[in-house]
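Subject: Structure handover

Hello,

Here is the structure for your files. My notes on it follow below.

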Amino acid sequence: MERPPSMPIRIIKDNNESAVVIRVRENLNQLLLDTPAVEAEGLSIYKIPHFMRQVQPKALFEPQLVSFGPYHHGESHLFRMELEKRKAFKNFQTRYGLPVEPIVERVWSMLEDVQGCYDELEGEWKLEDGAAKFLQLMVLDGCFMLEVLLADSGGWLSNMREDIVRDMLLLENQLPMKLLEELHSMANHSYLKNVKSLVCDFMGIPDKVEDKLKVEYLHILEMYMDTLLLPKVVSQGRQKGRSKEAAKELDSEIQIIWPATRLHEAGIRFRRSQSKSITDVWFDEKRGVLKLPKMVVDDDTESTFLNVMAFEKLHKEAGSKVTCFILLMNNLIDVDQDVALLASNKIILNALGNDQDAAELFGRLAQGAALDLKSDSHITHVQEMVIEHCKKRRHKWCASLKHNYFQHPWAIVSLIAAALGFVILILQAVYQICDYYRG
């Protein structure tokens, strides 16, 4: 049975068309007025987007012991530390002899500025009652943070220091640095260190790194990110003497650098850099040596780096150097043997105890972190040099030989036996030829 021919769809216009057009035009004009043309100035503390929570376990972005700021305030498992915040506020107020009124007034004067630091701040924190709630939260959390940084290691803090440090380095758990500095300045004692120095002391950041830090930071996570990048390494630029076609081919392959064990088979040796800066990555082409910074891998590594990488992704001025380094390490580490090789050269200090766990950790860190590595020209340049080194025929041949025949003792024995057999066959042939001519 033949199907009837399809009829064209027609839009029937009526007298209401002009009213619909007018309504849509007014709605779109209102949207233009209500939508900011650029990102809000001062925005620096972000909620982790849904797509990032889907890729990574959400527990790595959420506090386990204490909340700072509005995003996780009031969660039941953090209630115990709310009592400690009240004690900390009392200690701060009595230690420096500060009446409550000037503390509240000082924070109130900068409240709008502080609110502007938070992304997607819900209405409950901005309405009249919410403003009072937000003001009290900033005073209590800010004073608690300062008391944590000032606390003696022998106090109640000693057993929870590592857990608090972990929570202090979560993107959703940040307090604006200007709030901490404002509260700290009210102590009005010249002998007190500034907030930056207090953070360095608390986290064990050495003086030689502290001296190179910027004057101002948005929050503690940004400051910690900067310590990973110090001392700064200046890129040497792209290699000279390459055609555009060769450069384009390398750029397309830049993320497929071989794992560490395969590079080692190709004759590349690994050495530890002179500093812990993740920008301290070099390749000595003449000697075939790849230098990498020392990296401690422990239970907090995954959470800390994920939050730094999230900040880089969401804050346009943050750059992407940490993400580029993690992608490089993920390329170098595929299996537990890669971890063992780097550990033997004192590049990785594996506090997890299991090399396979460390290898899987780097895989999880790089999951969903696809990035154009040209955003970090220095690491891109190093990877290009390594790739070009491995593409040379002699290095490729050595790597293939070691990878296919030198992995197991019996394979080596078989190869030697085959080689000896081949030599014997040649000698027999020569002997027969010589015997023929003599006869």
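Two strands pair if DSSP finds at least two bridges between them; helices (H or I, at least four residues) and strands (E, at least two) are DSSP runs, numbered from the N terminus. This is a predicted model, in which local features need pLDDT of at least 70, side-chain atom pairs count only at pLDDT 80 or more, and totals for chains, interfaces and linings use all residues. Residues are numbered from 1 along each chain as its sequence is written, and side-chain values use heavy atoms, with hydrogens and water left out.

The sheet. Three strands make an open sheet in the order S1-S3-S2, with mixed pairing. Strand S1 (269-272) and strand S2 (282-284) are its edges, each pairing on one side only. From one strand to the next the twist averages 25° (axes are lines fitted to C-alpha atoms, for helices over the stretch in contact, and angles run from 0 to 180 degrees between N-to-C directions). Four bridges link S1 to strand S3 (residues 289-292) in the parallel sense. Arg272 stands opposite Leu292 in S3.

Overall. The protein has 20 helices and five strands. Of its 439 residues, 44% count as buried (under 20% relative accessible area; exposed is over 50%, partly exposed in between; 1.4 Å probe, protein chains only). Among contacts (heavy atoms within 4.5 Å) with a separation of 6 or more, 69% are between residues 24 or more positions apart.

Surface. Val20, Val24, Leu28 and Leu31 form a nonpolar patch with about 350 Å² of accessible area together. Patches are made of residues with over 30% relative accessible area and no salt bridge, like charges being joined within 9 Å and nonpolar side chains (Val, Leu, Ile, Met, Phe, Trp, Tyr) within 5 Å. A salt bridge is a side-chain nitrogen of Lys or Arg within 4 Å of a carboxyl oxygen of Asp or Glu. Areas come from the Shrake-Rupley method with a 1.4 Å probe; for residues, only the protein chains shown count as cover. Val24, in helix H1 (residues 17-34), is partly exposed at 42%.

Backbone. Most residues other than glycine have a negative phi, and most peptide bonds are trans. Glu120, in the loop between helix H5 (111-115) and helix H6 (128-150), has a positive phi near 55° and is exposed at 55% relative accessible area. Lys346, between helix H16 (336-344) and strand S5 (348-350), has a positive phi of about 65°. A cis peptide bond joins Leu230 and Pro231, with omega about -5°.

Regards
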